[in-house]
Amino acid sequence: SGQYPVVVSTWPFVEAVRAAWRAVDNGFSAVDAVVEGCSACEELRCDGTVGPGGSPDENGETTIDALVMDGVTMEVGAVAAMRYVREGIKAARLVMQYTEHTLLVGEKASAFAISMGLPGPTNLSSSESIEKWTKWKENDCQPNFWKDVVPANSCGPYHAKDSLGLSHGLCSKTTNINPRSSPIGRHNHDTISMAVFDKMGKIAVGTSTNGATFKIPGRVGDGPIAGSSAYADDEVGACGATGDGDVMMRFLPCYQVVESMRLGMEPKLAAKDAMSRIARKFPGFVGAVFAINKKGVHAGACHGWTFQYSVRSPEMDDVKVYTVLP
Ligand code: SD4
């Protein structure tokens, strides 16, 4: 019908939405269009943080978490902490399309992606990511993701090293471990999450991210978790999320949003409710979701920051960016 296709994305990732729009408008499926849109963001390195060369971990390495979900078949493909392969969303799609699995991780995810024809192994660092990491290491080296108590005989934040970069004995003490103030912010958020309704009204969602800046190596965020960073159900609608994935993945906010809409809640209320459930337990958390129902009604909600999401639908001439205040 006239209300489709529709593309929605976190943040003002206008080029990514245009790429997905071109795809659906040319008759591509929702899944194909989501892959096109998220790939565009990876190639453009949206905000300097999605895709290769984005936010490094404590060791200076950049990795990728990505997810694709088909809201008709409820099939999901995802990769987490993927190294050496630049095309996260395409790797996720390969998992969904060619395997019975849902999530592949780490080096084995890379090996799978490369075996299926994606370019690699390649270095995911960029001059920007190396510079960012070097500065962090040389200056404050503030451990972002450690609680203030670590076992006495452990190295704790193991990047706590001497001026030569060496850890010795039980590692030099870090004086200043911040209790968790959210390290995620507008310009180190690193995530595209996108929903597409194709011409037939079929829905797919996708996510691609480098995760959290200076994360502990091995950390996997909400990006590759269906129901957390994104969720779609053809009968109801879709949701995409961004923010502090370590907290958000405990609540599956996008699953929550879709289920609330299934019960008849308007997108705005469903989105707000998903945020406030998290905020009740973690008042300092930073995050946001967008929600869209089958009628094409969309809304956003956020906590701890101002959120923007982008939409392209048939009655618009171009992508429109919506701003949501906390
Ligand atoms: C993560 N959710 O890995 C991602 C990061 C993000 O806005 O979305 N930041 O936690």
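Visitor: At roughly what angle do the axes of helix α1 and helix α2 cross?
Guide: This is a predicted model, in which local features need pLDDT of at least 70, side-chain atom pairs count only at pLDDT 80 or more, and totals for chains, interfaces and linings use all residues. Residues are numbered from 1 along each chain as its sequence is written. Axes are lines fitted to C-alpha atoms, for helices over the stretch in contact, and angles run from 0 to 180 degrees between N-to-C directions. The axes of α1 (residues 14-25) and α2 (residues 30-44) come within 8 Å of each other, and the crossing angle is roughly 150 degrees.

Visitor: How is the direction of α1 relative to α2 classed?
Guide: Angles under 35 degrees count as roughly parallel, over 145 as roughly antiparallel, 65 to 115 as roughly perpendicular and the rest as oblique. The angle here is roughly 150 degrees, which makes α1, relative to α2, roughly antiparallel.

Visitor: How many nonpolar residues does the contact of α1 with α2 have?
Guide: Residues are in contact if their C-beta atoms, placed from the backbone, lie within 7 Å. On the α1 side the contact includes A16, A20 and V24, and on the α2 side A33, G37 and C41. Ala, Val, Leu, Ile, Met, Phe, Trp, Tyr, Cys and Pro count as nonpolar, Asp, Glu, Lys and Arg as charged, and the others, Gly among them, as polar. One polar and three charged residues take part, and the nonpolar ones number 13.

Visitor: Which residues of helix α3 meet α2?
Guide: The axes of α2 and α3 (residues 88-98) come within 8 Å and cross at roughly 145 degrees. By class, this contact has three nonpolar, two polar and three charged residues. From α2 come V35, C38, S39 and E42, and they meet, in α3, G88, I89, K90 and R93.

Visitor: Is S193 buried or exposed?
Guide: S193 lies in strand β5, and its contacts beyond four places in sequence are T10, T207, S229, A230, G240, A241 and T242. A residue is buried if 20 or more other C-beta atoms lie within 10 Å of its own, exposed if 12 or fewer, and partly exposed in between, with C-beta atoms placed from the backbone. S193 has 33 C-beta neighbours inside 10 Å and therefore counts as buried.

Visitor: Which residue of β8 is the bridge partner of Y231?
Guide: Strand β7 (residues 230-233) is covered on both faces, with A230 and A232 buried on one side and Y231 and D233 on the other. A hairpin of three residues leads from β7 to β8. β7 and β8 (residues 237-243) run antiparallel, joined by four bridges. The partner of Y231 is C239.

Terms used: Helices (H or I, at least four residues) and strands (E, at least two) are DSSP runs, numbered from the N terminus. Two residues are in contact if their C-beta atoms, placed from the backbone, lie within 7 Å. Two strands pair if DSSP finds at least two bridges between them.
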